[in-house]
Amino acid sequence: MELIQIGHQRPVLDSVPPVVHEDALSVALVCMPWAVVDMPSLALSTIAPLFEQRGEVEKLDVVYGNIRWLDFLVREVGLERDHYELIVDAEVFGVGEWVFSSCFRPGVDPRHTSFYELVRDSENVDAYCAMFRAAPAFIDELARDLVASGVDVLGLTTTFDQNIASFALAHRVKELSPSIVTLLGGANCDGVQGTAVHRARAEFDYVIRGEAERSIAPLIAHISGCRGSDEHGHEERLRAVPGLCWRSGTDGASVSNPIGPTPVSIAVFNLLG
Ligand code: B12
């Protein structure tokens with residue numbers, strides 16, 4: 001199946017096309033459920049041009065995993081858009097995260113989880129349980145498509161109950177292809193949240209805390225520079241990336257760099273072009 005891709009216009013300020021390096025990277029930026037399905041992600045629309053204008057990046061896909069999940073629910077589970085919207089509108093707080101938790105407890109009956117007590121009296125309980133059961137197959141399908149597309153770098157954004165779905169996708173992608181570099185960013189990674197996620201979730205190589213406009217260029221340069229080498233060095237380069245959480249040394253200890261000055265001015269496009 002083709003990945004859903006939405007094009008992005010290069011910022012007006014960046015009129016000179018980048019020089020694409022040999023052996024350049026293929027990057028996919030993914031927006032998972034439960035972001036709204038009727039408008040693009042502000043986060044991915046903001047950062048996509050910052051990847052696109054790097055010479056180290058040959059191909060960029062923006063993948064709406066949330067729209068694919070809705071399609072999957074209709075096609076495979078017999079649910080409707082209204083069921084997706086129930087979770088967007090948070091009829092039960094946290095239910096969207098619970099749905100994707102099934103990816104980390106294979107075969108568990110949703111009715112045998114403690115969270116079930118919070119949804120059992122809802123008239124939508126059967127739909128919630130059907131989603132819980134369907135999530136692992138969806139994550140597997142999307143992960144396989146991404147790996148087959150030849151992606152080198154997978155970036156996920158998380159704000160709208162998107163943590164567990166993002167963890168599940170990155171986890172499955174790493175199982176299928178451990179060399180794919182995984183990044184996570186977004187409001188749910190701000191401050192100590194980003195540090196905690198990076199420490200707890202080994203499927204992410206990097207987490208970016210705070211605004212990313214000044215972090216993407218040096219991080220992509222680092223990832224590109226490390227390609228094909230077993231070298232874990234260049235720690236001083238990583239240490240200089242604002243807000244970056246990364247793994248240090250042979251034991252992979254999580255390090256959180258300080259967040260850079262915010263808010264980032266639009267003039268940053270001038271500086272990075
Ligand atoms: C715009 C917005 C919306 C829009 C989203 C539009 C869209 N197309 O995306 C709409 C109106 C749909 C919306 C709806 C809701 N929202 Co709202 N929304 C916001 C708002 C005002 C801005 C978020 C935003 O897009 N910022 C701009 C982007 C560019 O910033 P960013 O995501 O942080 O991204 C930067 C970095 O984080 C980083 N980054 C982000 N992703 C990635 C990924 C990678 C790989 C990398 C490297 C970097 C990176 O780079 C970006 C550039 O620096 C925030 C409040 C705020 N001021 O932050 C609330 C906010 C996010 N919303 C909130 C809430 C509660 C909701 C609703 C539940 C409200 C409701 N009851 O209906 C719904 C949920 C809908 C849903 N499930 O999708 C809360 C979330 C609280 C939480 N963390 O749980 C917030 C924080 C407001 C608040 N203080 O209560 N919202």
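Colleague: Let's start with Asp161. Is Asp161 buried or exposed, and how do I read that?

Modeller: You count the C-beta atoms around a residue, and 20 or more within 10 Å makes it buried. Asp161 has 23 C-beta neighbours inside 10 Å, so it counts as buried. Keep in mind that this is a predicted model.

Colleague: Where does Asp161 sit in the chain?

Modeller: Asp161 is in the loop between β3 and α7. Look at its backbone too: the phi of Asp161 is positive, near 50°, and this is a residue other than glycine.

Colleague: Why point that out?

Modeller: Because most residues other than glycine have a negative phi. Ala90 is another case, with a positive phi near 50°. Ala90 belongs to the loop between α3 and α4 (95-101).

Colleague: Which loop holds Pro258?

Modeller: The one between β7 (253-256) and α11 (268-272).

Colleague: What about peptide bonds?

Modeller: The general idea is that most peptide bonds are trans. Here the bond from Pro33 to Trp34 is cis, with omega near 20°. You'll find Trp34 in the loop between β1 and α1.

Colleague: Now the helices. How do I describe two that pack together?

Modeller: You give the angle between their axes and the distance between the axes. Take α6 and α7: their axes are 9 Å apart, at an angle of about 55°. That angle makes α6 oblique to α7, and the crossing is right-handed.

Colleague: Which residues make the contact between α6 and α7?

Modeller: On the α6 side they are Ile139, Asp140, Leu142, Ala143, Arg144, Leu146 and Val147, and on the α7 side Ala168, Leu169, Arg172, Val173 and Leu176. By class that contact has nine nonpolar, no polar and three charged residues.

Colleague: And α1 with α9, at what angle do they pack?

Modeller: About 50°, with the axes of α1 and α9 (residues 216-226) 10 Å apart. So α1 is oblique to α9. Their crossing is right-handed. From α1 the contact takes Ile47, Leu50 and Phe51, and from α9 it takes Ile216, Ala217 and Ile220. The contact of α1 with α9 has six nonpolar residues, no polar and no charged ones.

Colleague: One more pair: how do α2 and α6 cross?

Modeller: At roughly 120°, with the axes of α2 and α6 coming within 10 Å. That makes α2 oblique to α6, and the crossing is again a right-handed one. Gly65, Arg68, Trp69, Phe72, Leu73, Glu76 and Val77 of α2 meet Ala130, Met131, Ala134, Phe138 and Leu142 of α6. Sorted by class, the contact of α2 with α6 has nine nonpolar, one polar and two charged residues.

Colleague: Which residues of α2 are buried?

Modeller: In α2 (residues 65-77) the buried ones are Gly65, Asn66, Arg68, Trp69, Leu70, Phe72 and Leu73. Their cover includes β1 (25-31), β2 (57-64), α3 (81-88), α6 (125-148) and α7 (163-176). After α2 comes Gly78, with a positive phi near 75°.

Colleague: Let's turn to the ligand. Which residues come nearest to the ligand?

Modeller: Of the 27 residues around the ligand, Leu42, Ala43, Gly155, Thr157 and Gly185 come nearest. The elements giving two or more residues to that shell are α1 (42-52), β3 (153-157) and β4 (181-185). The largest share, four residues, comes from α1.

Colleague: How does the shell around the ligand divide by class?

Modeller: Into 17 nonpolar, eight polar and two charged residues.

Colleague: And the chain as a whole: how many helices and strands?

Modeller: Eleven helices and seven strands. Of its 273 residues, 40% count as buried. For contacts in the chain with a separation of 6 or more, 74% are between residues 24 or more positions apart.

Conventions. Residues numbered from 1 in each chain as written. Predicted model: local features only at pLDDT ≥ 70, side-chain atom pairs only at ≥ 80, totals over all residues. Near = placed C-beta within 6 Å. Nonpolar A, V, L, I, M, F, W, Y, C, P; charged D, E, K, R; others polar. Buried ≥ 20, exposed ≤ 12 C-beta atoms within 10 Å, placed from the backbone. Contact = placed C-beta atoms within 7 Å. Axes fitted to C-alpha atoms, helices over the stretch in contact; angles between N-to-C directions. Parallel < 35°, antiparallel > 145°, perpendicular 65-115°, else oblique. Left-handed = near helix turned anticlockwise from the far one by under 90°.
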